[in-house]
Amino acid sequence: MKYDVIIIGAGPGGIYSAYELLQKNSGLKIAIFEEGTELESRHCPIDGDKIKSCIHCKTCSIMNGFGGAGAFSDGKYNITNDFGGTLYEYIGRDKALELMKYVDEINMKHGGEGTKMYSTSGTSFKKLCMQNRLTLLDASVRHLGTDINYVVLENLYAEMKDKIDFHFRTPVTRIESLDPGFRIHYGEETAEADQCIVSVGRSGSKWMEEVCKELGIETSSNRVDIGVRVEIPAEIFSHITDELYEGKIVYRTKKFEDRVRTFCMNPHGIVVNENTNGIVTVNGHSFEDQSKKTDNTNFALLVAKHFSEPFKDSNGYGESIARLSNMLGGGVIVQRFGDLERGRRSNQKRIDEGTVRPTLDATPGDLSLVLPKRILDGIIEMIYALDRIAPGMANDDTLLYGVEVKFYNMEVKLDHNLETRYPGLYIIGDGSGVTHSLSHASASGVYVADRILEKLS
Ligand SMILES: Cc1cc2nc3c(=O)[nH]c(=O)nc-3n(C[C@H](O)[C@H](O)[C@H](O)COP(=O)(O)OP(=O)(O)OC[C@H]3O[C@@H](n4cnc5c(N)ncnc54)[C@H](O)[C@@H]3O)c2cc1C
């Protein structure tokens with residue numbers, strides 16, 4: 001099979017590149033190869049009743065399939081260069097913001113209209129944070145919510161499905177350079193194209209590494225973020241979440257001068273399991289639908305760990321810590337902050353007696369047996385710093401779920417077009433290491449689509 005453009009991966013990066021290509025040149029022959037399934041066939045078997053924890057399906061419905069890792073996410077599109085990736089380093093700050101806004105317009109046209117856009121500009125929290133050794137990062141946040149995010153994806157798929165060859169349940173195993181063009185291998189079959197966009201996300205990171213090795217494309221990897229997900233009564237953070245929805249707050253610890261940050265805030269949301277390459281970590285969701293809202297707010301507190309030579313496997317380090325929590329707890333561990341401070345494990349009785357009702361059925365345990373001391377010290381320091389701007393944060397009953405790990409894909413060596421040393425081979429989204437978010441991954445998709453359109457015109 002011969003195509004004009006082959007896209008590997010149907011996450012946000014792949015979807016928005018396909019959408020842009022179709023919008024601007026409907027005559028192009030495009031194929032998308034996706035390891036997972038169509039959106040409507042994506043079902044995680046964990047029902048909280050018969051199946052309570054991850055059974056390690058062959059393909060994870062949460063991470064793989066149309067919509068990628070973002071399909072059941074909270075749908076928070078952060079329009080900012082301050083976090084979510086380093087796309088601006090390749091394409092410039094203005095272009096990156098312009099494309100994130102462009103993606104927002106696409107989302108609004110496909111079911112997102114009416115959802116709220118939050119902004120940090122002009123907020124009084126900036127000053128309050130500064131007065132307490134905290135920094136509030138600047139951003140505009142479009143919050144689609146898990147339900148509307150799903151609708152947007154449904155509408156985008158409906159618009160593209162008859163104009164693009166979608167190959168679901170089709171993991172690509174190899175990319176061969178033909179000079180010019182590329183042959184991709186899947187099962188016993190192959191397909192060819194002169195332009196190939198690879199957008200395989202975090203779940204495709206190991207495969208991406210193999211591809212780069214085989215093709216001699218340079219990579220580097222030195223960062224992983226490790227921490228916990230905090231769950232508190234929604235009222236404690238409501239003055240922040242009502243105004244900003246998500247406050248991205250950074251704290252520099254007194255002890256080690258490490259950076260601890262809040263990540264992925266879900267007002268009135270739920271805590272969920274996340275499966276990355278068979279390792280269960282924790283994450284959070286929230287919903288626009290009033291009936292699905294809970295009494296709790298959750299967010300992660302993460303400490304960035306950068307490694308220097310000769311150590312190269314930062315993700316392996318994060319995985320080992322997550323594996324340790326899986327070993328002790330059979331999955332995610334939950335602990336009351338008061339128990340952590342008293343140096344004792346939480347048990348079911350103490351959790352049940354607490355005032356915060358957990359939204360995830362995790363195993364009560366002791367996070368100090370899992371997290372390195374330096375990381376745990378940083379998290380505890382930040383909880384007390386946050387307590388100064390949101391009193392109640394450091395209550396004994398505050399729940400901490402662990403571990404949350406933010407894996408960073410190795411960074412692939414790319415030029416300012418997000419193109420590898422092979423002309424026509426583009427690597428975008430989280431799989432490139434350049435992005436770590438919906439908005440940046442989507443914008444990178446639009447960006448390479450435009451580069452390809454220029455080339456073909
Ligand atoms: C639970 C959860 C909540 C999140 N919430 C948010 C949020 O609110 N805001 C935010 O900005 N970000 C959020 N994120 C992160 C966000 O989802 C990702 O940054 C984004 O999806 C990256 O897009 P991508 O296209 O690069 O990769 P992905 O979305 O990971 O998509 C990659 C796709 O490629 C496919 N694939 C992998 N390997 C192959 C192969 N060899 N052959 C064929 N297909 C392959 C995968 O099946 C997958 O569908 C969340 C992530 C998770 C897991």
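# Briefing on a predicted structure

Helix H1 (residues 12–24) and helix H12 (residues 438–456) have axes that come within 7 Å of each other and cross at roughly 35 degrees. The model described here is predicted.

**The H1–H12 contact**

- The crossing of H1 past H12 is right-handed.
- On the H1 side, the contact is made by Pro12, Gly13, Gly14, Ile15, Tyr16, Ser17, Glu20, Leu21 and Lys24.
- H12 contributes residues including Leu438, Ala441, Ser442, Gly445, Val448, Asp450 and Leu453.
- Sorted by class, the contact between H1 and H12 comprises eleven nonpolar, six polar and three charged residues.

**Surroundings of the ligand**

- The ligand has 42 residues around it, of which Gly9, Gly11, Gly68, Gly201 and Gly429 come nearest.
- H1, strand S3 (76–79) and H12 are the elements that give two or more residues to this shell.
- The shell around the ligand has 23 polar, twelve nonpolar and seven charged residues.

**The sheet S3-S6-S4**

- In general, the strands of a sheet pair through backbone hydrogen bonds, and the pairing is either parallel or antiparallel.
- Here, three strands form an open sheet in the order S3-S6-S4, with antiparallel pairing.
- S3 and strand S4 (116–119) are the edge strands, as each pairs on one side only.
- From one strand to the next, the twist averages 20 degrees.
- S4 is joined to strand S6 (residues 140–143) by four bridges, and these two strands run antiparallel.
- Tyr118 stands opposite Val141 in S6.

**Strand S20 and its partners**

- Strand S20 (residues 399–407) has nine of its nine residues buried, so this strand is largely enclosed by the rest of the structure.
- Strand S12 (residues 223–233) is joined to S20 by eight bridges, and the two run antiparallel.
- Within this region, Val224 has Phe407 in S20 as its bridge partner.
- Strand S18 (residues 333–336) also runs antiparallel to S20, and four bridges join the two.
- Arg336 stands opposite Leu399 in S20.

**Glu89**

- Glu89 is located in helix H2 (residues 87–91).
- Glu89 is exposed, because 12 other C-beta atoms lie within 10 Å and a residue counts as exposed at 12 or fewer.
- Glu89 and Glu188 are 99 residues apart along the chain, and their C-alpha atoms are separated by 39 Å.

Technical notes
Residues are numbered from 1 along each chain as its sequence is written. This is a predicted model: local features need pLDDT of at least 70, side-chain atom pairs count only at pLDDT 80 or more; totals for chains, interfaces and linings use all residues. Axes are lines fitted to C-alpha atoms, for helices over the stretch in contact, and angles run from 0 to 180 degrees between N-to-C directions. A crossing is left-handed if the near helix is turned anticlockwise from the far one by less than a right angle, and right-handed if clockwise. Two residues are in contact if their C-beta atoms, placed from the backbone, lie within 7 Å. Ala, Val, Leu, Ile, Met, Phe, Trp, Tyr, Cys and Pro count as nonpolar, Asp, Glu, Lys and Arg as charged, and the others, Gly among them, as polar. A residue is buried if 20 or more other C-beta atoms lie within 10 Å of its own, exposed if 12 or fewer, and partly exposed in between; C-beta atoms are placed from the backbone. A residue is near a molecule or strand if its C-beta atom, placed from the backbone, lies within 6 Å of it. Two strands pair if DSSP finds at least two bridges between them.
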